[in-house]
2 protein chains.
Amino acid sequence: MRKVFVFTKKPKIISVSSVVGKKEKDGPLGSLFDFSYADTKASQKTWEKAESEFVKKAFEIALSKASLKNDDVDTVFCGDLINQCTVSTYGLIDRQIPYFGIYGACSTFAEGLILSGNAVESGFSEISASATSSHFCTAERQYRFPIEYGCQRTPTSQNTVTAAGAVIISSKHESNIYLNEALCGIPIQKGITDINNMGAAMAPAAADTIIRYFKLSGNNPRNFDIIATGDLGEEGHSILLEILSREGVEIGSNFTDCGKLIYDIKKQDMHAGGSGCGCSAAVTNAYFYKLLIENKIKDLLIIGTGALLSPLSSLQGMETPGIAHLIRITRET
Amino acid sequence: MRKVFVFTKKPKIISVSSVVGKKEKDGPLGSLFDFSYADTKASQKTWEKAESEFVKKAFEIALSKASLKNDDVDTVFCGDLINQCTVSTYGLIDRQIPYFGIYGACSTFAEGLILSGNAVESGFSEISASATSSHFCTAERQYRFPIEYGCQRTPTSQNTVTAAGAVIISSKHESNIYLNEALCGIPIQKGITDINNMGAAMAPAAADTIIRYFKLSGNNPRNFDIIATGDLGEEGHSILLEILSREGVEIGSNFTDCGKLIYDIKKQDMHAGGSGCGCSAAVTNAYFYKLLIENKIKDLLIIGTGALLSPLSSLQGMETPGIAHLIRITRET
């Protein structure tokens, strides 16, 4: 029988970082991010090279905060939204760190945390890192239209967040914040083919993971200070609330979504909110982690959600599968 | 200091499978594969859907050989060459198994083995699987030209293998074949920008992993019955031999390459040989694994190699980074 995995060795989070673009800096969490580029092209010639700069910067900051050198890191788990995840590869290639490429669309942040935690748990690595990114301009032109077209966006569309985040996990450093539990997501599709409604595609997978987690772990939503989905946005989050309520899960008032938190949605005209693997990375690393550090929260559930489509699969009429990986991060009392 | 990881719990390989297309069936290993499609479109409307059928079939065979049901498998690590790895997702979506997407280009087979082995090692999963695939027609039109163009191929080009393979690893079943050691690859680029010469891009990464492995493990190439790179092909393998010789590594006569084994290169007019994550999967699962089962070999090193480019990164003039993950598979004496 499948179980919620409990990290018995309590892999410690020893450093996190967040690097964002201008719109994210202008949002309600703006003052919390480690670094922001006013020029979202980061002085590069292409948007993809710019996104690699975000990854590079995020990794540099995380490493520096922990006073680590490249050689100290045994493995890094990386991924992004761009074809063949090249943004991550080029972002970290100068560092010469053993590298596992991962792909989970916007759930990549949670997947990276789980897998680097698992590498530390098994002893595969003493220190393992993860890094994820997304960029409005690279993602929009790949999945929908080049931004130069100035296409009008639909109300359910989410704004791909321009951001990168890195997390460093260790078995040999001290920290009172650790990976506690994890649950791997199951891909689920429920007939969504609208590429402008990722929230609807991801909500059923998020519901499945959340319901499985509470059933298998015996925990209760009230045990947690914050329960946050990765980036369903307003549309997806409201669908998820409906599903959970129908299934009898009282998720409570601590339930939120990174895609709803990163922008002032109305004021910044962000339609359904934020998305992209940089979204959950930036919000978790800058906001939730700070609350853990300051002892304002003690127990956090992140449910990283992703839409596993490609532009080609959409053109071929395929449904958009969703996936949601869960990770529990706890502050030692 | 970074180390070679030794799987202390000896995760057991309890089932493997290989599913190939017509050209692979016509090759020297043709009789060893579990299943072959004479129609490489597998009665589907698109090449991508066909490749998903290959994944589905490979997984079905591996599961059936081990007399397992979907629910018995705790996690599956999957990846392919196609944008956003949708081939893998759609190939397995009906099975409803917890799913981690991975991307390592042609090294994905080795990456999947390492990560599913690590999931079993840590206790994250009791039974974990991996599945990888590639397809000549999906890869060629994505990376180079649609096959309908009938473009002439260069001498250094490799033929993307049409194949899928699955491996099931368990901590609770008996088997005398197990994962022994693993070493995560480091992305390395050495100035290659020719998208028709993947072998040259991957060879330096393979050399780095092989040299690190023998240095860190204290083992000697003579300790192994077979040392096989994933799919460097003739061009890449000869470059690798040159690098190793220059670095003073006597790799010996048991050193081969999956991309050289899968086709009768001259007779089948395969230029530099085979490539694609289906190549190392099919050759390892059908050929090497059979030799282990029959006690004809006892110790096997697989170095899965991948070229971490994308069509866009090539168009933007970026170099092609290579990566090589190493896994040691041993037969218990």
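**Cysteines**

The sulfur of Cys85(A) has its closest cysteine sulfur in Cys85(B), 6.5 Å away, which is too far for a bond. This is a predicted model. The points below are grouped by topic.

- A disulfide needs the two sulfur atoms within 2.5 Å. Seen from the other chain, Cys85(B) is in no disulfide, and its nearest cysteine sulfur is that of Cys85(A), at 6.5 Å.
- Over all chains, the structure holds 0 disulfides.
- Cys85(A) counts as buried, at 4% relative accessibility. Cys85(B) is buried too, with a relative accessible area of 5%.

**Asn83 of chain A**

- Asn83(A) sits in the loop between strand S4 (75-79) and helix H3 (86-92) of chain A.
- Is Asn83(A) buried or exposed? At 19% relative accessibility, Asn83(A) counts as buried. The cut-off for buried is under 20%.
- Leaving aside residues up to four places away in sequence, Asn83(A) touches Gln142(A) in chain A. In chain B, Asn83(A) touches Asn83(B), Gln84(B) and Ser310(B).

**Aromatic pairs**

- A pair of aromatic rings is described by the distance of the centres and the angle of the planes.
- The whole structure has 22 aromatic pairs over all chains.
- One of these is Phe145(A) with Tyr149(A), a tilted pair. The centres are 6.2 Å apart, and the planes make 35 degrees.
- Phe145(A) is partly exposed, at a relative accessible area of 43%. Tyr149(A) counts as exposed, at 57%.
- Phe214(A) and Phe224(A) pair edge-to-face, with 6.2 Å from centre to centre and 65 degrees between the planes.
- Phe214(A) belongs to helix H6 (residues 198-217) of chain A, while Phe224(A) is in the loop between H6 and strand S10 (226-229), so this pair ties together parts that are 10 residues apart in sequence. Phe214(A) and Phe224(A) are both buried.
- Ring pairs also join residues of chains A and B into a cluster: Phe5(A), Phe7(A), Phe77(B), Phe100(B) and Phe124(B).

**Charges over rings**

- Lys23(A) places its charged end over the ring of Phe136(A), 5.5 Å from the ring centre.
- Lys41(A) lies over the face of Trp47(A), 4.7 Å from the ring centre.

**Helix H5 of chain B**

- Why is helix H5 (residues 136-143) of chain B largely enclosed by the rest of the structure? Of its 8 residues, 7 are buried, so the rest of the structure largely encloses H5(B).
- The buried residues in H5(B) are Phe136(B), Cys137(B), Thr138(B), Ala139(B), Glu140(B), Gln142(B) and Tyr143(B).
- The cover over these buried residues includes two helices of chain B, H2 (47-65) and H10 (311-315). The cover also includes strands S6 (127-134) and S7 (159-160) of chain B.

**Largest pocket**

- The largest pocket holds about 460 Å³ of space.
- Which residues are closest to the centre of the largest pocket? Of the 28 lining residues, they are Phe136(B), Glu140(B), Ile147(B), Arg153(B) and Asn159(B).
- Helix H1 (22-25), H5 and S7 of chain B are the elements that give two or more residues to the lining.
- Phe136(B) and Glu140(B) link this topic to the helix above: they are buried residues of H5(B), and they are among the lining residues closest to the pocket centre.

How values were computed
Residues numbered from 1 in each chain as written. Chains lettered and ligands numbered in written order. Predicted model: local features only at pLDDT ≥ 70, side-chain atom pairs only at ≥ 80, totals over all residues. Heavy atoms only, no water. Buried < 20%, exposed > 50% of the residue type's maximum accessible area, 1.4 Å probe, protein only. Helix = DSSP H or I, 4+ residues; strand = E, 2+ residues; numbered from the N terminus. Contact = heavy atoms within 4.5 Å. Phe/Tyr/Trp six-rings, centres within 6.5 Å; stacked < 30°, edge-to-face > 60°. Lys NZ or Arg CZ within 6 Å of the ring centre and 35° of its normal. 1 Å grid on protein atoms, 1.4 Å probe; cavity = no way out; pocket = protein on both sides within 12 Å on 5 of 7 lines; lining within 4 Å. Points joined across faces, edges and corners; volume = space filled by probe spheres on them.
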